[in-house]
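Let's take a walk through this protein chain. Keep the picture open while you read, and find each residue as it comes up.

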Amino acid sequence: QVQVVESGGGLVQAGASLRLACVVSGRTLSSFFMGWFRQASNKEREFVAAINWDGSSTMYTDSVKGRFTISRDNAKNTAYLQLNSLRPEDTAIYYCAAATVVGALGPWSAAGHSYHYWGQGTQVTVSS
């Protein structure tokens, strides 16, 4: 049984940084493409970032480019999302997701329904 568990959220001031971690158990991380999504209060879930199986390819939504970095350590079965220069509008629950796909990152990577396993989320709150 595959489990996905996020950690690292918290309450920070604008301009601060956080690093979110996502541990996958039940199957080796290299089996999955990994994605991060977020959902703010009263808003729909949105794509944040994705990374291919070996970390050689990444993609981001425009609003986080240059501020957030997705990475992975397959030996540790852990994916990461480094959040820098945080803004109040980044406040949301951040979800990690794993997709069992073959191929390259593409438009599918930004669609939640492409992912097969989800974590419970970790809250990120950015105060102004």
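Helices (H or I, at least four residues) and strands (E, at least two) are DSSP runs, numbered from the N terminus. This is a predicted model, where local features need pLDDT of at least 70 and side-chain atom pairs count only at pLDDT 80 or more, while totals for chains, interfaces and linings use all residues. Residues are numbered from 1 along each chain as its sequence is written, and side-chain values use heavy atoms, with hydrogens and water left out.

**The whole chain**

The C-alpha trace spans about 40 × 25 × 25 Å along its principal axes.

Of the 128 residues, 44% are buried. Buried means under 20% relative accessible area, exposed means over 50%, and partly exposed is in between (1.4 Å probe, protein chains only). Now for contacts, which means heavy atoms within 4.5 Å. Take the ones between residues at least 6 apart in sequence: 59% of them join residues at least 24 apart.

**The disulfide**

A disulfide is a covalent bond between the sulfur atoms of two cysteines. In this model, the term is used for a pair of cysteine sulfur atoms within 2.5 Å. The structure holds one, and it joins Cys-22 to Cys-96, with 2.0 Å from S to S. Those two cysteines come from distant parts of the chain, 74 residues apart: Cys-22 sits in strand E3 (residues 18–25) and Cys-96 in strand E9 (residues 92–99). Are they buried or exposed? Both Cys-22 and Cys-96 are buried. The torsion about their S-S bond is about -80°, so the disulfide is left-handed.

| Residue | Relative accessible area | Class |
|---|---|---|
| Ala-49 | 0% | buried |
| Gly-121 | 14% | buried |
| Asn-77 | 19% | buried |
| Ser-85 | 41% | partly exposed |

Start with Ala-49, which is in strand E5 (residues 46–51). Which residues does Ala-49 touch, not counting those up to four places away in sequence? They are Met-34, Gly-35, Trp-36, Met-59, Tyr-60, Ile-70 and Leu-81. Asp-73 is 24 residues from Ala-49 in sequence, and their C-alpha atoms are 16 Å apart in space.

Gly-121 lies in the loop between strand E10 (117–118) and strand E11 (122–127). Leaving aside neighbours within four places in sequence, Gly-121 is in contact with Glu-6, Ile-93, Tyr-94 and Tyr-95. Gln-39 is 82 residues away from Gly-121 along the chain, yet 9.4 Å separates their C-alpha atoms.

Last, have a look at the backbone of the other two. Asn-77 has a phi near 55°, a positive value in a residue other than glycine. You'll find Asn-77 in the loop between strand E7 (68–73) and strand E8 (78–83). Ser-85 isn't a glycine either, and its phi is positive too, about 50°. Look for Ser-85 in the loop between E8 and E9.
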